[in-house]
Each structure stands twice: as structure tokens, then as C-alpha cells.
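Welcome to my notebook. I went through this structure one place at a time and wrote down what I looked up.

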Amino acid sequence: MEGEIQKKKILFSGVQPSGTLTLGNYIGALRNFNLLQDEYNCIYCIVDLHAITVRQDPATLRRRCLEVAGIYMACGIDPEKSLIYCQSHVSGHAELNWVLSCFTYMGELQRMTQFKDKCAKNENNINAGLFTYPVLMAADILLYQADMVPVGSDQKQHIEITRDIAQRINGIYGDVFVVPDAYIPKVGARIMSLTEPEKKMSKSDSEDSYIAILDEPNIIRKKIRRAVTDSDTEIRFDRENKPGVSNLLDIISALSGESVESIVISLQGKGYGALKDAAADCVVDTLSPIQAEYKRIMADKAYLQGILDKSADTANKLAKRTLSKVYRKVGLAQSGRK
Ligand code: TRP
């Protein structure tokens with residue numbers, strides 16, 4: 001990958017190893033991995049340093065890092081083409097974080113809506129890491145001179161501050177960083193909660209509200225059977241008045257590739273039971289092969305660990321390159337050591 005870095009653009013993606021990955025993540029991001037890695041040099045980082053801004057159970061956090069790596073690979077990340085590693089294994093993230101924090105204003109960070117939300121949710125643990133979270137995120141991205149960052153719409157503000165910091169530093173020292181663009185997929189943002197279909201599907205809500213990528217088929221069927229619809233019986237796409245029904249149609253359409261219109265026609269007059277069965281079939285058919293591949297990968301932890309280590313080594317080399325450029329530009333003394 002190092003040799004190819006000049007030819008293809010760089011895509012950086014970060015995922016928190018807190019909680020499990022959902023069908024929303026799959027439709028919005030994971031299912032595109034295969035296509036993206038041919039077009040970009042993709043760097044997938046499991047952001048464990050970000051995760052500890054809220055209290056984590058150590059054993060669970062450690063397990064989830066491997067789990068996320070396993071799921072990503074099961075969804076098609078090819079370690080020959082892309083990097084997948086843990087953030088804490090590449091010290092450059094924390095080092096660049098410091099430098100960037102000296103070019104980020106308190107006022108900018110205070111405006112971040114996610115910080116305000118998280119303060120409201122973690123009243124007893126409003127730590128400095130929560131406040132400077134966007135700076136570490138900027139460091140993740142700028143460390144690799146990434147061109148493109150796929151994120152959910154909730155992360156848009158964090159990409160904007162990343163761009164502001166990069167432009168500010170470029171303005172002072174000349175071209176130091178590539179200024180990245182956000183890539184916000186349209187479909188994934190629209191997969192809604194099964195129990196409250198006005199809200200986005202999220203792993204932090206109740207278990208019945210989302211489908212985890214690793215949910216067993218019978219669990220998937222049960223959750224979809226219980227999904228909130230409405231007191232009407234008509235299958236019709238109308239996000240405003242029929243959010244639950246529209247969400248199920250969206251899921252079927254995203255997974256089957258069929259248009260919503262033709263799905264509506266084929267289910268006409270059949271009732272919500274048929275709609276739910278069709279949705280459950282699509283989800284089970286999509287996730288079953290991924291789950292089988294996941295089991296295969298997780299059965300060989302040494303292999304998985306080897307991939308994470310090798311990726312971290314490559315990431316480290318790329319990171320060092322940017323970091324020494326930054327240190328030189330801002331005037332930190334050169335080391336005489338080789
Ligand atoms: N903040 C992102 C989220 O919660 C995760 C993240 C951390 C990230 N660093 C990143 C995403 C860098 C993209 C690029 O979803």
C-alpha cells in the first residue's frame with residue numbers, strides 16, 4: 001500500500017469500538033468497503049482512544065476492538081488492499097493531537113453539538129478528553145493526509161473543525177496538511193430505529209430498536225416482527241406519516257437493490273405481516289454469510305492479530321512521515337538520532 005499511496009486518493013475512516021455494529025452501519029458504510037478499496041487507499045482505524053472518553057469496562061473494550069476488526073473483515077475489507085488497525089497502536093495519533101490542540105480554540109470546541117449532547121448524558125464525567133475529542137479526531141485524519149472521510153451526518157461538524165484546523169496551520173506554515181472532504185452516504189443515514197422510527201437506528205438505544213450485524217436469524221425475525229408500524233394497513237412509502245413502514249421498505253430496497261416503488265407494488269394488499277417477512281428475509285439473507293465469515297475469522301485470533309499488527313506497522317510509517325513534517329514546520333528541534 002505504501003508504494004501505491006501516490007496514485008490513489010486516501011480514505012480514512014474511524015469507528016468506535018463501543019457497542020456493537022448495526023444494520024444501519026452496514027447499509028450506510030460497511031457494505032461499500034469492497035467497492036471503495038479499489039478506488040481509494042483505505043485506512044480503517046478502530047478508535048479505542050476516543051472510546052475511553054466515556055467509562056469502559058476494560059475486558060469488554062479489548063474484546064470489542066477485535067470484534068470490530070473481525071466484522072470489518074467479514075464485510076469485505078481486504079487486508080492486502082486496506083489497513084485496519086487500533087488507534088492506540090500508532091502513537092502518532094496522540095502526538096499530533098497535542099500539536100493540533102495548540103491550534104484549536106476553546107470557543108470552537110465549546111460550539112460542538114456532540115460535546116454539548118455528551119455533557120448532558122455524562123453529567124458526572126465531563127472530562128477534558130470529551131472536550132478535546134474533535135482534536136484527536138482531526139489528528140486521526142490529518143496524520144494520513146486523507147482526502148476523504150466517510151462519516152454519518154452527526155460527524156459533519158467534526159470534519160468541518162478538522163478542515164478549519166488544517167487550513168489554519170497551512171495558512172501559517174505553508175502546505176502542511178491535505179484538507180479533507182467529508183463523504184456522507186445518503187442511504188445509511190436513513191435507516192431508522194425499529195421501535196421509534198422517527199429516530200436513527202443506534203446501538204446506544206434499547207436492544208429491540210436495532211439489528212446488530214451479529215444478531216442470530218431468529219432474533220432478527222423477532223425484532224422485525226415487533227417493529228413499530230402504524231394502525232393503518234396500507235403499504236405505502238410516506239416517511240412523514242408512515243415512518244415505520246417506510247423504514248422497512250427502505251431496508252428491503254437497500255438490501256435487494258430493488259426500487260421502493262416496485263417493492264410496494266409487489267406487496268400491495270398483502271398487509272404488514274408480509275412486509276415484515278420480506279424485510280426479515282432480506283436482512284437474514286444478507287447477514288448470514290457475513291456472520292459465517294466472521295466466525296471463521298474469529299476462530300483464528302492469531303491471524304487477526306497479525307493483520308492488525310502489520311497494518312499498524314504500515315500506519316506507523318505513514319504517520320511518522322506527517323509527524324516529522326509537522327514538527328519541522330512548527331519549529332521543534334530536529335533529532336540527530338537516526
Ligand atoms: N467520532 C467518530 C464517531 O463517533 C469516530 C471517529 C474518530 C472518526 N476518529 C475519526 C471518524 C476519524 C472518521 C474519521 O463516529
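This is a predicted model: local features need pLDDT of at least 70, side-chain atom pairs count only at pLDDT 80 or more; totals for chains, interfaces and linings use all residues.

At what angle do helix α4 and helix α14 pack, and how far apart are their axes? I looked up the pair and found an angle of about 90°, with the axes 11 Å apart. Helix α4 covers residues 58-74 and helix α14 covers residues 301-330. An angle from 65 to 115 degrees counts as roughly perpendicular, so α4 and α14 are roughly perpendicular to each other.

Next I listed who makes that contact. From α4 come L66, A69, G70 and M73. From α14 come K301, Y303, L304, Q305, I307 and L308. I sorted the contact of α4 with α14 by class and got seven nonpolar, two polar and one charged residues.

I then turned to α7 and α8, which pack at an angle of about 160° with their axes 10 Å apart. Angles over 145 count as roughly antiparallel, so α7 is roughly antiparallel to α8. I also noted the handedness: the crossing of α7 and α8 is right-handed. On the α7 side, Q114, F115 and K118 make the contact. On the α8 side, L130, F131 and Y133 make the contact. By class, I wrote down four nonpolar residues, one polar and one charged for the contact of α7 with α8.

**The loop between them**

Is N125 buried or exposed? I placed N125 first: it sits in the loop between α7 (113-121) and α8 (128-142). Its relative accessibility is 14%, and buried means under 20%, so N125 counts as buried. Leaving out residues up to four places away in sequence, I found N125 touching T53, V54, R55 and L130. L130 was already on my page, as one of the α8 residues in the contact with α7.

I followed the chain past α8 to Q145, which is in the loop between α8 and β4 (148-150). Q145 is not a glycine, yet it has a positive phi of about 55°. I also noted that Q145 is buried, with a relative accessible area of 17%.

**A pair of strands**

How many bridges join β1 to strand β2? I found seven, and the two strands run parallel. Strand β1 is residues 9-15, and strand β2 is residues 40-46. Within this pairing, L11 stands opposite C42 in β2. Five of the seven residues of β1 are buried, so I noted the strand as largely enclosed by the rest of the structure.

**Two residues in touch**

My last stop was N247 and L194. N247 lies in helix α11 (residues 243-256) and is buried, with a relative accessible area of 3%. Not counting residues up to four places away in sequence, N247 touches R190, I191, M192, S193 and L194.

L194 itself is in the loop between β5 (181-183) and α10 (217-225). At 2% relative accessibility, I put L194 down as buried too. Which residues does L194 contact, leaving aside its neighbours within four places in sequence? My list reads M201, D208, S209, I211, K223, I224, A227, V228 and N247.

Conventions:
Residues are numbered from 1 along each chain as its sequence is written. Side-chain values use heavy atoms; hydrogens and water are left out. Helices (H or I, at least four residues) and strands (E, at least two) are DSSP runs, numbered from the N terminus. Buried means under 20% relative accessible area, exposed over 50%, partly exposed in between (1.4 Å probe, protein chains only). Contact means heavy atoms within 4.5 Å. Two strands pair if DSSP finds at least two bridges between them. Axes are lines fitted to C-alpha atoms, for helices over the stretch in contact, and angles run from 0 to 180 degrees between N-to-C directions. Angles under 35 degrees count as roughly parallel, over 145 as roughly antiparallel, 65 to 115 as roughly perpendicular and the rest as oblique. A crossing is left-handed if the near helix is turned anticlockwise from the far one by less than a right angle, and right-handed if clockwise. Ala, Val, Leu, Ile, Met, Phe, Trp, Tyr, Cys and Pro count as nonpolar, Asp, Glu, Lys and Arg as charged, and the others, Gly among them, as polar.
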